Amino acid sequence: MAALQITEEQFEAEVLKSDKPVLVDFWAIWCGPCKMLSPIVDQIADEVPEIKVVGINVDEAMTLATEQAITNIPCLILYENGKEVRRSVGFQPKDTLKEWIKG
Amino acid sequence: MIDIIIVGAGPAGLSAAIYTARAGKKALVFESYTYGGQIVNTPEIENYPGIKNISGFDYATGLYEQATGLGAEVKFEKVLSVDKKEDGKGFIVKTGKNSYEAKAVILATGAKNRHLGIDKEEALTGRGISYCATCDGAFYRGKDVAVNGGGNTAIEDAMFLSNYCSKVYVIHRREGFRAENETLESLRKKENVEFVLNASITSILGEDRLSGIEVTDKNSGEKKEIKIDGLFIAIGQEPDNKDFEELVDLDKGGYIIAGENCRTKTEGIYTAGDCRTKDVRQLVTAASDGAIAALAACSFIDA
């Protein structure tokens, strides 16, 4: 299982209306560190079943990216009950990321 | 006991791993962050001999796959210390997770982006301040940004950003650039790029987001405010080798003292890449150090 890749149209249903906390990975093809982080995010999807993990390609979701005030990627945002709980910008190794998710 | 433990999976470390594996020895590489090191942030490498053009990510991935394909192992653990074994036959390498023993060690710890070290820099990182133009450039489409620095990274970043942004200021503390002439000349021709020379950034402006910077002319002392939405800091790197101070000598800048033979003051400990004292820090010199250090370590083991 890997992160579920979604579009900005699906954001409301898949993220804001999710009953589980959701980790969203905002990435882009031209961003090297994003490509390093995404496989780790996929592993998190497998290893942390308490959360839902989705990915969004910001090039195809610029309106959403602006709404969410994203100007630096990779950007990971944790949402709970439709609200942003916290965000992190830049690459993170898996162990640090797991700690960050726990809060 | 492992033959060679390599600290750092950047270009120097992975090149050392390749040479170690091909010499029939076991290489174990520790990486605390991500493989590839600094080069992952580069959109285009055009000066690596033999490769006309490749992205940093593709180069790093190729290197990683080559090394692991040959049998080198890469573990994502942070090395905390390296000590001589009590019997003098090898070294103990402790990471955040475990303890390992090796006959020889190669320190290839590279370097990290240098920060300006001024107020609001931390707070506004990710909110207008960035150290990776290729990660964040596209978000500044049609906006005004500044790049601070005078080396290849700064000039390449400015070039990359000039394709998206309405205006790019290049702020550099000197008149001349260390950067390669090729890219610098291309940059000078761009209409939306303005050079602010002999100047340094003395203040960062903005509350929740970056709104501008104050630059000070080093000669006249004159201060000027520049309104920008994005600031890309590319002022060089800093090594971090304090954990190894017992076994190697560090120069004033924190680099491990070693010459072209990659030997440190301790027999059996070698160093490769940006983390050692050298004049030219490039992919090609990192790769070459990796090979030299690996072969020296192999000879040491076989002696």
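Which residues in helix 1 of chain B meet helix 6 of chain B? The close-ups below take this up, after a word on the model. This is a predicted model, in which local features need pLDDT of at least 70, side-chain atom pairs count only at pLDDT 80 or more, and totals for chains, interfaces and linings use all residues. Residues are numbered from 1 along each chain as its sequence is written, while chains are lettered from A and ligands numbered from 1 in the order in which they are written.

**View 1. Helix 1 of chain B meets helix 6 of chain B.** From helix 1 of chain B come B:Pro11, B:Ala12, B:Gly13, B:Ser15, B:Ala16, B:Tyr19 and B:Thr20; their partners in helix 6 of chain B include B:Leu283, B:Gly290 and B:Cys298. Contact asks for C-beta atoms, placed from the backbone, within 7 Å. Helices (H or I, at least four residues) and strands (E, at least two) are DSSP runs, numbered from the N terminus.

**View 2. Helix 1 (residues 11-22) and helix 6 (residues 283-302) of chain B pack at an angle of about 40°.** Their axes, lines fitted to C-alpha atoms over the stretch in contact, lie 7 Å apart. Angles run from 0 to 180 degrees between N-to-C directions.

**View 3. An open sheet of five strands in chain A has the order 1-3-2-4-5.** Its pairing is mixed, and two strands pair if DSSP finds at least two bridges between them. Strand 1 (4-5) and strand 5 (83-89) of chain A are the edge strands.

**View 4. Strand 1 and strand 3 (residues 52-57) of chain A pair in the parallel sense over two bridges.** Here A:Leu4 has A:Val54 in strand 3 of chain A as its bridge partner. Helix 2 (residues 32-47) of chain A packs on the sheet, touching strand 2 (22-27) and strand 3 of chain A.

Conventions:
Contact = placed C-beta atoms within 7 Å.
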